[in-house]
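Thank you all for coming.

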Amino acid sequence: MKVTFILNHQEETWDVHPNDYLLDSLRTHHIVSVKRGCDTTSCGVCTVLLNGKAVPSCSILSASIDGKEVVTVEGIAKEAERLSEFMGHNGADQCGYCNPSLALSVHALQQENPHPSDADIRAFLVGNLCRCTGYHGQQEAILHYLEDDQ
Amino acid sequence: MKLIKQPIPSVDGKGLMMGRPAYTDDLAEPNSLIVKVLRSPHPHAKIVHINTDKALSIPGVELVLTYKDFKRIPFTRAGQGYPEPSPHDKFVLDQYVRHVGDEVACVAAKTEALCDQALDVLEVEYDILQPVLDFEQAIDHDVVLHPEDEVHEMFPIGYEPKRNIAASYHMEVGDVEAELKKCDVVINETFYTQAQMHAMMEPHTVNARIDFQNRLVLYSATQTPFHVRRIISQTLEVPLSKIRVIKPRVGGGFGGKQSLHGEMLVSAVTLRTGKPAKMVYTRKEVFEASPTRHKMRIKMTLGADKDGTLRAIDCHVLSDTGAYGEHALTVFMVAGSKVLPLYNKVNSVRFYGDVVYTNHNAAGAFRGYGAIQGNFALESAIDILCEKLGIDPLEFRDNNMMKEGETSPIFAIMGEGTEGTAMTMDSCKLEYCLHRGREVSKWNEIYPYQQISPTKRRAIGMAIAMQGSGIPYIDMGSATIKLNDDGFFNLLIGATDIGQGSDTVLAQIAAEVLGCDMDHMIVYSSDSDLTPFDTGAYASSTTYVSGNAVYKAAMKMKQMMIEEAAKRLDADVDDVEFDGTMFIANTQSLTINELANRLYYNDDQRQLMATSSYVGHKSPPPFMTGYADITIDIETGEYDINNYTSIVDCGTPLNTMLARGQVEGGIVQGIGMASYEDVKYSKSGRLITNDFVSYLIPTRHEIKNLTTEFAESYEETGPFGAKSVGEIGIDTPPAAIANAIYNAVGVRITELPITPEKIRLAMLRKDEQ
Ligand code: FES
Ligand code: FES
């Protein structure tokens, strides 16, 4: 079946199978910035923005995105690049596998709540697992990034 | 120093955050066959019949492989040096399955859906065998896991498969029994540490293709590309020269990707079909079919004099290696060799025990590598002893622990699988770490606890730790530096960055020596065809071992450039000065890009390339102290970690930010192991914790604050004074948290993880007494 949607600000029409999940469709279309980390929607590394909300793309049927807007990290390249500078300076640069999803979640948080507290950030990003950094460096990086944006 | 000890951002951070294709699956051929594995539902069984006809008749299914398709060549997936200290006890596919999740057969098809269909119609008849599920009952059990004739050890490791013993070992300094009899105070306690999962975010991934030269090319998320190439060659009988292994970015390893995973089956599929093939483990497969940490039982006996002098340590370990003996002996030995020397004033030490086979998922390498298990037992036992002696635990440690310039006989006796290497602690700032930690963690204010409300207490506990820096006389790193036209460099290394930041740190070393900026040092790691040999990213070896190789190669390159510059400046080599951009002699000068351009385009043309390698002659341990500041609810046993203070002696931290990241990542994994991470099996041997819903790893909710500092330390033999920092962070949390819990509520939890239930239960029992 065909779905027409906006991907990173451009219209796309893709042929998808009714059983396909958005994560797999994106990867087969070479949008490999979106990664898979689990089978149970519990790791967050497959996060995309769907109509502006951060969602795990492994739980969204591709068939359901018709007429919607999907943003992957390529769609927020500038923000991601800037966030990465803060990550680098706060000791949060490690394997990077969770990073594109983190950038998208931080972006979504910023849209919803431009002045989040430390606790707000933790609560919003709790579904974005990271096994390398111990979170502390990430948290500092995100705080500094958001402050810098204001 | 321009670059060393600086917070240099990693060379790949930006590209990875922006989602550029970098990881193994990102680089797979788009038309790859999908490879999937049928996994055993039984913990122990013999395959009596397999029918593949139905699966093969599905259009689009290209290949089904069973044990009948492979020659019986036993090997080990351990991914260690050769000959391996792990027994050769695994076959690519075998007629026996030894844990739930063990490989039964594999299918290759055009799509994943077709693979699933094929797996569904594979007919397998099992003769279900009794499993061995209690590791304390494994030795001389009626059921033998590896009765086959082909299994063997590569050199003596105490291998007795007929008794379910994968390895055993015994060492003694002095006479422990006699020494204990002379002690005023003796304590003994049994500790249990659980299996733990690496749970790296990128699942195990590999793909293969045949290239235009008819060679097998693998992209693999591995920590050990050169071992992968060797083991494929030996096991599938393909000449080494016909195999190329490329390691792209790796999404976390922690030891879990030191072992081989899908490489054998994917290679077999590509070799037989001639087509590209790929395999990405599902998360369930990561849990069921990739290694765990070795579960251990540790009996610790300590003897001391009334004045607080530790006299004897007796340590007996039983380790569960699961179905295959990967890292069986070496992890077990590290539980002693990288823990017991911490208290080097004793008259006598004994360390002995066995590693046994069970029908659990195979264990393997995991950050901490035995040291975390041993540390939990020893550092808990030290606090128990201090309590009995009525001596402050910090004072006791201060008096009995390793100091700079000292040594321990254990270093010479115990290596990893073989004899050790004698060494003195030329750099050891453990004393500083202890005192600084007391200050930073506010120990004096909190110890043993503060009542902060009728039901809540704040308490503090601590532990000390050591690790190593590579395996002496075994781990080798090498590096090649190439000067390019225009005067920038390539650094080619076999060392594998698995997220720890080694590409950045190694480039920093080279750039510092050559005086160039980071963006003039372009790193390439690791490709078995293009980069020089390296044993791989494990044993905390990369900065120390590979870093030394890089340092040597960079010095060589500098010398070569100065020689060429001298020719062009008509000067003596000794008169040429080089500052990273300019060669100056006899009032004349030449920039590095002029030199490079002349070398490659104009006069007396030749390519400059320098290669060096390094094998460590010692393994200088990094040291640290960890202080856990917790708040506990005495009614529920629930506790929070308010802050974890780490004071680390890793020699010179070459990149302060990346080093901090390594410590904090390790601390949080250690907190996970201490608090709730647990690999649980059902009574029948099925893994219960096989997803992120049932196997919990720390989230950013639990990690409130981490305080990390480095001691001023310099290791003469390390590159720019560095020791390792990859593993040490993980070691202290289990004991520090157990000690904090004891200080808070007076109960001693000796079995990890330390859950609220165990604490409450122990409190109730104590109240009853
Ligand atoms: S892949 Fe883990 S949440 Fe989607
Ligand atoms: S950096 Fe590796 S998972 Fe987050």
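This is a predicted model: local features need pLDDT of at least 70, side-chain atom pairs count only at pLDDT 80 or more; totals for chains, interfaces and linings use all residues.

Let me begin with the contact between the two chains, where contact means heavy atoms within 4.5 Å: chain B contributes 54 residues to it and chain A contributes 51 residues. As for conventions, residues are numbered from 1 along each chain as its sequence is written, chains are lettered from A and ligands numbered from 1 in the order in which they are written, and side-chain values use heavy atoms, with hydrogens and water left out.

Between them, chain B and chain A bury about 4200 Å², and 58% of that is on carbon and sulfur atoms; buried area here is the accessible area, with a 1.4 Å probe, that two parts lose on being put together, summed over both. On the chain B side, the residues that lose the most area to chain A are M17(B), M201(B) and R700(B), which together account for 24% of what that side buries.

Turning to specific pairs, there are 7 salt bridges between chain B and chain A, a salt bridge being a side-chain nitrogen of Lys or Arg within 4 Å of a carboxyl oxygen of Asp or Glu. D26(B) forms a salt bridge with K35(A), and their closest N and O atoms are 3.1 Å apart.

Which elements of chain B give two or more residues to the side that touches chain A? They are α1 (13–17), α7 (283–289) and α17 (656–675), with helices taken as DSSP runs of H or I, at least four residues, numbered from the N terminus. Of these, α17(B) gives the most, with 9 residues.

Within chain B, the domain assignment, which is automatic or from a database, gives domain 1 (13–129 + 201–252 + 257–289), domain 2 (292–471 + 618–768) and domain 3 (476–615). The centres of domain 1 and domain 2 of chain B, taken over C-alpha atoms, are separated by 35 Å, and their contact takes 23 residues from domain 1 and 27 residues from domain 2. These two domains bury about 2000 Å² between them, 55% of it on carbon and sulfur atoms, and in domain 1 the residues D89(B), R98(B) and F287(B) lose the most area to domain 2, together 28% of what that side buries. Across this interface the rule finds 1 salt bridge, and 13 residue pairs are in polar contact, both at pLDDT 80 or more.

Finally, two local details. P9(B) lies in the segment before α1 of chain B and, leaving aside neighbours within four places in sequence, is in contact with G88(A), H89(A), D93(A) and T504(B). In helix α10 of chain B (residues 393–400), 6 of the 8 residues are buried, so the helix is largely enclosed by the rest of the structure, where buried means under 20% relative accessible area, exposed over 50% and partly exposed in between, with a 1.4 Å probe and protein chains only.

Conventions: A polar contact is a pair of N or O atoms within 3.5 Å; within protein, one must be able to donate a hydrogen and the other to accept it, and residues adjacent in sequence count only if both atoms are side-chain atoms.
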